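Subject: Structure handover and notes

Hello,

Here is the structure we discussed.

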Protein chains: 2
Amino acid sequence: MLYLQLYFTGYGLTLEDLAASRSLKSKTPGHPEVHHTVGVEMSTGPLGQGVASAVGMAMAARHEAALFAAGSDHLDHTVWALAGDGCLQEGVSSEASSLAGSLGLDNLVLIWDDNGITIDADTSGTFSEDVRARYRAYGWRVLEIDDATDLAAIEAVLRAAAERTGQPTLVAVKTVIGAPSAKFGGTPAAHSGGFGKEEVGAVLESLGYSPTAELSELVNDEILAHTRAASERGAALHADWQREHSAWEAEQPEAAARWNAFRDGATDPSPLEAIATGSPGDPVATRKTNGAVIKALQESLRLWGGSADLSGSTNVAVDGKPFSAGDPGGEFIRFGIREHAMAAILSGIALHGPWRPFGSTYLVFSDYMRPSIRLAALMGLGVIYVFTHDSVAVGEDGPTHQPVEQIASLRTVPGLDVVRPADAVEVTAVWQRILASPQRPVALLLSRQDVPVLESDGDTADGARAGGFVRWQSGVGTDLALIATGSEVSLAIEAAQALEAEGIAARVVSMPCVEWFSEADRDYRESVLPPSLTARVAIEAGRGDAWYRWAGSSGEVVSIEEFGESGSGAEVMRLRGIHLDAVLDAARRVLRTGHPVP
Amino acid sequence: MLYLQLYFTGYGLTLEDLAASRSLKSKTPGHPEVHHTVGVEMSTGPLGQGVASAVGMAMAARHEAALFAAGSDHLDHTVWALAGDGCLQEGVSSEASSLAGSLGLDNLVLIWDDNGITIDADTSGTFSEDVRARYRAYGWRVLEIDDATDLAAIEAVLRAAAERTGQPTLVAVKTVIGAPSAKFGGTPAAHSGGFGKEEVGAVLESLGYSPTAELSELVNDEILAHTRAASERGAALHADWQREHSAWEAEQPEAAARWNAFRDGATDPSPLEAIATGSPGDPVATRKTNGAVIKALQESLRLWGGSADLSGSTNVAVDGKPFSAGDPGGEFIRFGIREHAMAAILSGIALHGPWRPFGSTYLVFSDYMRPSIRLAALMGLGVIYVFTHDSVAVGEDGPTHQPVEQIASLRTVPGLDVVRPADAVEVTAVWQRILASPQRPVALLLSRQDVPVLESDGDTADGARAGGFVRWQSGVGTDLALIATGSEVSLAIEAAQALEAEGIAARVVSMPCVEWFSEADRDYRESVLPPSLTARVAIEAGRGDAWYRWAGSSGEVVSIEEFGESGSGAEVMRLRGIHLDAVLDAARRVLRTGHPVP
């Protein structure tokens, strides 16, 4: 339907594009893809994501208007989204819709294709709820279109929907899937698959065409002249907006200058230089340094985000008020306990731009966000996920709150940079690369527990930004590489120092971002991990299989292969095998015997 | 609160256990853990999971009663669940609550601790919705307890809640978090952290104790005698139930015998033997063979499940009617488009037992289910996730529907068996091991596209059940191992045959389950992959880093490292590097030069 609109309204698609639908390299892939087809504003397909990202777009529009154009609402545009029954069954849309109600997002209109049919069956047995009453309970206004063929009613209701009433609007449109097919109309079979030549003929006939009508009868210059008049109306509306905008610029030159700087500029990284990173040996949780970064970058305005009810313990709290109907310029976002919607909303804010939106929760709960993280990676959105409490060192909260598989599993998402800095110095360094990469989503993994600030030299920040670098080097050569990330880098250095006392020369490679290091040029990578240096131990407090790529078959991996337990963080780390003796034993084994391929 | 109840009601916890809370190996870990503390019926902690699993428990109770004890409702027990504001904000609880309403689960009571406070703030800014109206919209009955200190009201309302009215019941209990503390009551600070000695003293005083009261004043034999009378009342209620049950058994000996067999027995694997697996070369999608397995096992009754609206294309459809209020004996479950709730509900059904519940969707949407899959793995529940459309060979639906990272990322979940059979013979073989492992959750990954039935011999089924085995062996020795899973095994065999024509002797190792193979004894593993056989190529249509563990640093991995595209499945597989030439080139490189560690 979207592709047909883009063709009929002159957005650039051709009849050939439509005929090529779902074929390789066509402009009309099986599900719409942003940055691929002009007029597609978001990649969709996984149900419910669009609803939640539309909430994010509406928040972004409202926030931008409040920040830069108070008194004029020409920046606070209306976001229109279409949803089916399936979208409204998904939890992510429920979460986001509840939040949209609390935020009074009256610049959001959600049009619900209420056809009562999903792929398996009609919805009576699975979705008998009163959707309208549910949305009213969320604080939404509900409008109705009883007949999807009544164009006058559609226009009147959509115009009413755009009015600002203090509430988001659900427009419930009663439709018949597959109409006007007598054979498939109103049945699950209409959802996918072809109607067949005979039924297509019958449909054509019911619409007043010959059952064997050629395409040229259905689409001709006269029809296109009519439909493409939409472009002219759009151009006129755009010109109206431009006049309003120019008037605002003339009246509010300072605000307009700020707005233009915001729109055209990039996030200024200079506040990072002022972040105190402490002295070697200082115990500082990486989440704390990260909190200082977020506070420091707040003035740039480009960084905007919040937390799924863990702003304190994930250290993303900033001064100010939460974004709300009364305070649309609010400095931070309270997402409620809705990790999935948070992630999809962040995508919506990023799609709207030009923010680098961030959202925080504990790493283990990144599981709740995976469908939206995946979609952000697919769309190339510069969302920043702040995931603290990044290992079993979480401790007392026990295995449900202790990530074990999340570091490794996030690394499997193509296009997502998974960044796990070792200390305060690496935290500030990696942010510089993050800010410089607005098309890459980042999962920033941070420790709950204190970790020591490590010795640094002039190359430390560059090394962290390269994704992997030598963080500690024995003075007497290199027999062995210890590769580690995050809180395990200090353990690796401790082990390297102990090994040196035994006469074993190690280097410690901190690899805060495997993706960045993999993309570094070969010479650089081989300077950090020479191919001849086959004695290697990789250390990470999480599932380890993927580390064999770096440790090699002569190497070992010190990792956590099962769920944690409730107890102090230090105890659980030891119990699950992340401790000095484990690293030393692995290092000695690697040097003595090598490690056979399993 | 749960641990206090278990202590006061005599469930086995001691004061020492309470004092040891959150310490290593205590019976009172930071969040309750099933199979660890008597009286804990589910591991909880991640918000919303308990609500959805309670729905599953209520479905299981109702279904069991309908199957075995129609006319007597003594098996259809009431499921009671407690939820906080956070639980009701999570999408998974929304999905499950909507389904519970559609199913008319009047054996479910959800008690909502309506205190209006979450960790960051009060809920007015994020959760202003009318929860009661939302639950009424789902088709629930809503009861109220206005004062959480009014014991008579609590008892009256909970008795009313247990009545069968055709609707699930939400009991909204107005509470004050941290009451009766004057300092912390009603504030987010009451959520966690201690109150401090002074405020504890003030609370004690407000309750009529000395501010420095010793524990022995608060808990003594008189108090315990009172609270532990609950056990006697429970025993009497249990005896009542037992009498009712015995009467039923006497009146309905055949039904009782069936029920006892169901409860005590195991799932009978013998129907698997009759599954037609076709002849070598036959093109059969593994999802199709799996569909035949599910149909064949239906009579055992132990296997019960359904789909998140994809029963047809995931091939899990069985004959009969869907489970519903009118048909509680329904042969299958329609979950609606609610993957996350489906997974949590499956956990509830498994916790209730003795089912092996299954649920299906496309592999890419396993992302929606991860929090519940993780919890099932942590709890050791024998849930079977049927994930079809297991690679970019999905084709036309494009990258949002093409899994790339899901195979690897599911393998990172501790305790989850990820099983990807190569052909019809392996499908039926792995089911035998799945049925014999009722404490292991399984993700069964199946192809959308046809794959050829491969040559088999007497050892094939045993090999598949061992997780990895030699599926094809060159007649002239072994220079090289090609390791593959699922649809890539036939590609590996094709490559091995082509290599044999070049004079290169390969063996093809099918590894349908890395977890099973890893657990096999070393002799067996080394018979399949001898340590001396260092020339190895691993092939899988997904992210490949973890395969270096098996390919070794002399080996190569033929994998997919980026998202797919819309196009025919065969085209996309080729475009993303899964094709004969890629395997042959990798094999030749491995034999010629080895492959340096990166």
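This is a predicted model: local features need pLDDT of at least 70, side-chain atom pairs count only at pLDDT 80 or more; totals for chains, interfaces and linings use all residues.

Residues are numbered from 1 along each chain as its sequence is written, chains are lettered from A and ligands numbered from 1 in the order in which they are written, and side-chain values use heavy atoms, with hydrogens and water left out.

Aromatic contacts

A pair of aromatic rings is described by the distance of the centres and the angle of the planes. Rings of Phe, Tyr and Trp (its six-membered ring) pair if their centres lie within 6.5 Å; planes under 30 degrees apart count as stacked, over 60 as edge-to-face and the rest as tilted. By this rule there are 28 aromatic pairs over all chains. One of them is the edge-to-face pair of A:Tyr135 and A:Trp140, at 4.9 Å centre to centre and 85° between the planes. Both A:Tyr135 and A:Trp140 are buried (buried means under 20% relative accessible area, exposed over 50%, partly exposed in between, with a 1.4 Å probe and protein chains only). A:Phe517 and A:Tyr524 also form an edge-to-face pair, with 6.2 Å between centres and 70° between planes. In that pair, A:Phe517 is buried at a relative accessible area of 0%, and A:Tyr524 is partly exposed at 26%.

One aromatic cluster is made up of A:Phe68, A:Phe262, A:Trp304, A:Phe323 and A:Trp355. A:Arg302 lies over the face of A:Phe262, at 5.6 Å from the ring centre; the rule for a charge over a ring is NZ of Lys or CZ of Arg within 6 Å of the ring centre and within 35 degrees of the ring normal. A:Arg228 lies over the face of A:Tyr7 in this way, at 5.1 Å from the ring centre.

Helices

Helices (H or I, at least four residues) and strands (E, at least two) are DSSP runs, numbered from the N terminus. Axes are lines fitted to C-alpha atoms, for helices over the stretch in contact, and angles run from 0 to 180 degrees between N-to-C directions.

In chain A, helix α3 (residues 49-68) packs on helix α12 (residues 253-264) at an angle of about 140°, their axes being 9 Å apart. That makes α3(A) oblique to α12(A) (under 35 degrees is roughly parallel, over 145 roughly antiparallel, 65 to 115 roughly perpendicular and the rest oblique). On the α3(A) side, A:Glu64, A:Leu67 and A:Phe68 meet residues of α12(A), among them A:Trp259 and A:Phe262; contact means heavy atoms within 4.5 Å. A:Phe68 and A:Phe262 also belong to the aromatic cluster above.

In chain B, helix α13 (residues 286-297) and helix α17 (residues 424-435) pack at about 45°, with axes 9 Å apart. This pair is oblique as well. Residues of α13(B) including B:Asn290, B:Val293 and B:Leu297 meet residues of α17(B) including B:Val427, B:Trp431 and B:Leu435.

Why is helix α6 (residues 131-138) of chain A largely enclosed by the rest of the structure? Six of its eight residues are buried. These are A:Val131, A:Arg132, A:Arg134, A:Tyr135, A:Ala137 and A:Tyr138. Their cover includes β2 (108-114) and β3 (141-145) of chain A, and α6 (131-137) of chain B.

Single residues

A:Gly91 is in helix α5 of chain A and is buried, at 2% relative accessibility. Not counting residues up to four places away in sequence, A:Gly91 touches B:Gly91 and B:Glu95.

B:Glu244 sits in helix α11 (residues 229-251) of chain B and is partly exposed, with a relative accessible area of 39%. Leaving aside neighbours within four places in sequence, B:Glu244 is in contact with B:Ser72, B:Asp73 and B:His74.

Backbone

Most residues other than glycine have a negative phi, and most peptide bonds are trans. The peptide bond from B:Ala179 to B:Pro180 is cis, with omega near 5°, and B:Pro180 is in the loop between β4 (169-174) and α8 (196-206) of chain B. The bond from B:Gly353 to B:Pro354 is also cis, with omega near -5°.

A:Leu301 has a positive phi, near 70°, and is partly exposed at 27%. B:Asp309 also has a phi near 70°, but is buried, with a relative accessible area of 6%.

Regards
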